Amino acid sequence: MSGHFIIDGRTIPFRAGQTIMEAAADAGVYIPHLCHRPGYTPHGSCKLCTVDVDGRPASACTAKAQEGSIVENDTPALNDDRRALTEMLFVEGNHICPACEKTGDCQLQAVAYHLKLVSYRFDHFYPARGVDASHPDILLDRNRCILCDLCVRASRDVDGKNVFEIGHRGIRSRVIVNAASGRLADTDIDVSDAAVRVCPVGAILIKRRAFAVPIGKRTYDLKSVAEVAIEEVRAQREDEGG
Amino acid sequence: MAERKLRVATTSLAGCFGCHMSLLDIDERLFDLVQVVEFDRSPLTDIKHCGPCDLGLIEGGVCNAENVHVLREFRENCRILVAVGACAITGGVPALRNNIDLWDCFREVYQYEAGTAKGVLPNDPELPLPFDKVRPIYEVVHVDYYLPGCPPSADVFWKFVTDLVAGREPTLDREMLRYD
């Protein structure tokens, strides 16, 4: 069923089966997100896209758009919740932006800028996490992983390789590599794989590309995360033929 | 211009003085700055202890016992305390050592590194006790404002200080908000 719903006071259309996230993006409305990516099966785990639907919280990336529903998205309360979630992602990992080659291209950083995150209400964990540098062309740095599951979905659904999985539980959760040795070098992953390019943070990097684009001229140095997200959706719609 | 000059103290804890260099990068605006501020304890004055101040700028995280003493002295004396730069706010680059055993760090630096004389570990009682983890300053004392960046740009310092002097709530524009 297609129809219309209201987001932040604005009436926007949706097509049958669309999620709130998809319909909003088509209408040029940005809903902050990290584990969602257009074209990928929703994961609904980062909770950054939580919106109020008729007064109840729901993940915009998994909740279907409903005729006549009233959705709150860009409100101070929801953005403060999003800031808290983003702070948690920072303090639970080892995100040292000045020492990370993904800086400026990192979605976690860009979302934090969008939410105006300058301080933390939580102490830093500095967890002990491993780096897998075994592959000649690809680096896996778990210190920067936010467990968005995008590499898992990309490798399974796009590349057809099943290289990654989220292993362990709770605070011990880690991206693990599907090889008897657990090493990236012992998989058939390739630099051209979607799984390598989909990582929103600096957890999966192509080696020897660090400063090909200088800091200051990178994706989110030039555009906001909202602009980039909306442009990506428009480009995808054009690829689909309108 | 303010009738009484704003008294400012600055220090670098586990930092590289890059934030201080960036403050100096306000260039000719330094002449305007000294019309409205005067410096207390700071690497710029070489005053050894902090007296009562309006503003304390802390660069760097907390990596040893001396850092804690200095930080507390600043907190006790400064009406407004500011975490300046990535290290003060998150631990930053020095926090890269947080998952390396401290003993292994020392041996790497003082015994294995080429050019270290006889591989002797410094052990003078005057040397501050190092911590096993580098911590951001807000985990030790209350912090009033944060200036992100590695370093925060000269414009960030200028915007913050001019807001404060003018009696405005200091805010950063989106393009001034950077973690790198």
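**Reading salt bridges, burial and charge in a predicted model**

Modeller: The side chains of Arg83(A) and Asp80(A) come together in a salt bridge, at 2.9 Å from N to O. This is a predicted model, in which local features need pLDDT of at least 70 and side-chain atom pairs count only at pLDDT 80 or more, while totals for chains, interfaces and linings use all residues. Residues are numbered from 1 along each chain as its sequence is written, chains are lettered from A and ligands numbered from 1 in the order in which they are written, and side-chain values use heavy atoms, with hydrogens and water left out.

Colleague: What is a salt bridge, and how many does a search of the whole structure find?

Modeller: A salt bridge is a side-chain nitrogen of Lys or Arg within 4 Å of a carboxyl oxygen of Asp or Glu. Over all chains, the search finds 28 salt bridges.

Colleague: Where do Arg83(A) and Asp80(A) lie?

Modeller: Helices here are DSSP runs of H or I with at least four residues, numbered from the N terminus. Arg83(A) and Asp80(A) are three residues apart in helix α2 (residues 76–92) of chain A, and therefore about one helical turn separates them.

Colleague: Is Asp141(A), which forms a salt bridge with Arg144(A), buried or exposed?

Modeller: Buried means under 20% relative accessible area, exposed over 50%, and partly exposed in between, using a 1.4 Å probe and protein chains only. Asp141(A) is buried, at 8%, and Arg144(A) also counts as buried, at 14%; their closest N and O atoms are 3.6 Å apart.

Colleague: With which residues is His20(B) in contact, leaving aside its neighbours within four places in sequence?

Modeller: Contact means heavy atoms within 4.5 Å. With those neighbours left aside, His20(B) touches Thr10(B), Thr11(B), Ser12(B), Pro43(B) and Glu59(B) in this sense. His20(B) itself sits in helix α1 of chain B and is buried, with a relative accessible area of 9%.

Colleague: And what of Val161(B), in helix α6 of chain B?

Modeller: Val161(B), whose helix spans residues 154–165, is buried at 10% relative accessible area, and, again leaving aside neighbours within four places in sequence, Val161(B) is in contact with Leu33(B) and Val37(B). The C-alpha atoms of Val161(B) and Arg79(B) are separated by 14 Å, although these residues are 82 apart along the chain.

Key
Helix = DSSP H or I, 4+ residues; strand = E, 2+ residues; numbered from the N terminus.
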